[in-house]
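Work through the following exercises with the sequence and the model side by side, and try each task before reading its solution.

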Amino acid sequence: MSDLSDTAQEIHDEFSEHVDATVDDVEERLQTLVTEYKVPVDEARRSVENHYLDEAGLDRDDLAGGGGNETVQVEDVDEPEQWVDLTAKVVELWEPRSDSVGQVGLLGDPTGTIKFTKWAKSDLANLEEGKTYRLGNVVTDEYQGRYSVKLNKTTSIEEVDEEFEVGDNEDEVEGALVDIQSGSGLIKRCPNEDCTRVLQNGRCSEHGEVEGEFDLRIKAVLDDGRDVHEVIFDEEATEALTGIDLESAKQMAKDALDTTVVADEMRDSVLGRYYRVTGPTFGRYVLANDTEELDAPADPEAVLIKARSM
């Protein structure tokens with residue numbers, strides 16, 4: 001089978017219970033996008049999937065992962081859009097900021113904590129703070145390197161009598177800030193509800209060309225002379241680190257007619273300085289919750305030479 005035939009079969013299997021379409025129907029749609037409109041296969045697949053989601057009146061969260069989900073712990077969640085099962089305690093409930101959200105809060109197990117969202121339209125029973133649940137068929141999500149799980153209408157909720165100490169998944173790293181990576185400074189994110197992807201050339205990988213919403217972020221590298229740590233600072237942490245808030249950053253970019261001046265300004269203010277950063281580690285990134293500037297290392301000039309060489 002060709003790659004398109006394989007992709008068509010996978011999409012058909014995904015939607016076979018929801019729409020009346022043959023594998024040939026699916027492949028024809030893919031062929032049109034790929035051959036006539038020169039759309040990349042991955043983007044064509046998303047487009048066809050979105051078509052069938054609309055036809056079936058479903059959201060992406062409503063599609064089950066196909067059964068046989070892996071049972072994971074909080075620390076194992078390191079990739080978005082995965083269907084998993086987990087057992088966790090409701091550590092804290094927060095006030096939802098949107099009518100579309102039924103509940104939002106923090107789940108925990110012995111390996112750490114993770115945010116959860118339960119959609120209002122899911123018609124699921126409410127979770128209670130302090131109780132432990134076995135949650136089947138939840139989908140993972142990611143925002144600024146922070147992973148979360150979403151409960152949807154296919155999720156099963158079972159209260160269990162299981163006691164454990166919720167773990168602390170925060171790490172502490174320190175070192176000289178020797179690099180600010182590409183994708184830092186003033187960025188734009190997809191404005192669609194529940195999508196927070198960073199735009200590339202004005203396009204969201206999920207929703208195509210959109211009018212993005214501004215955000216601040218720093219992707220930094222700390223080096224202590226032995227180990228190198230990659231750290232992500234979200235908008236709040238970026239402002240605390242650099243003193244540049246979102247409105248100031250937008251004004252800087254407007255005055256210069258160039259968004260890259262924001263990252264350049266940030267580099268000038270923090271490069272070569274020594275920091276201690278505390279926060280959870282997801283994948284290869286430490287997510288900055290608290291940042292403390294430390295005294296300069298014994299040879300700060302060496303640090304700056306190294307920084308300028310990167």
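The model shown here is predicted.

**Exercise 1.** Determine which residues of α1 are buried, and where they lie around the helix axis.

*Solution.* Begin with the extent of the helix: α1 covers residues 3-15 and reaches 19 Å from its first C-alpha to its last, close to the 18 Å expected at 1.5 Å a residue. Next, apply the cut-off for burial, which is under 20% relative accessible area; in α1, Leu4, Ser5, Thr7, Ala8, Ile11 and Phe15 are buried. Seen down the axis of α1, these buried residues fall within an arc of 160 degrees, so they line one face of the helix. Finally, look for their partners: the buried residues of α1 pack against α2 (23-36) and α3 (41-56).

**Exercise 2.** Decide which residues of α2 are buried and which exposed residues its opposite face carries.

*Solution.* The buried residues of α2 are Val23, Val26, Glu27, Leu30, Leu33 and Val34. Because they cover an arc of only 130 degrees around the axis, they sit on the same side of α2. The face turned away from that buried side carries the exposed residues Asp24, Glu28 and Glu36, while the buried residues of α2 pack against α1 and α3.

**Exercise 3.** Describe the lining of the second largest pocket.

*Solution.* Start from the volume, about 1300 Å³, and then turn to the lining of 40 residues, of which Val104, Lys115, Thr117, Tyr143 and Thr196 lie nearest the centre of the pocket. Sorted by element, the largest share, 5 residues, comes from β4.

Note on methods. Residues are numbered from 1 along each chain as its sequence is written. This is a predicted model: local features need pLDDT of at least 70, side-chain atom pairs count only at pLDDT 80 or more; totals for chains, interfaces and linings use all residues. Side-chain values use heavy atoms; hydrogens and water are left out. Helices (H or I, at least four residues) and strands (E, at least two) are DSSP runs, numbered from the N terminus. The expected span of a helix is 1.5 Å times one less than its number of residues. Buried means under 20% relative accessible area, exposed over 50%, partly exposed in between (1.4 Å probe, protein chains only). The arc is that of the directions from the helix axis to the C-beta atoms. Contact means heavy atoms within 4.5 Å. On a 1 Å grid over the protein atoms alone, a cavity is a set of points where a 1.4 Å probe fits but cannot get out, and a pocket is an open set with protein on both sides within 12 Å along at least five of seven lines; lining residues have an atom within 4 Å of a point. Grid points are joined across faces, edges and corners, and a volume is the space filled by probe spheres set on the points.
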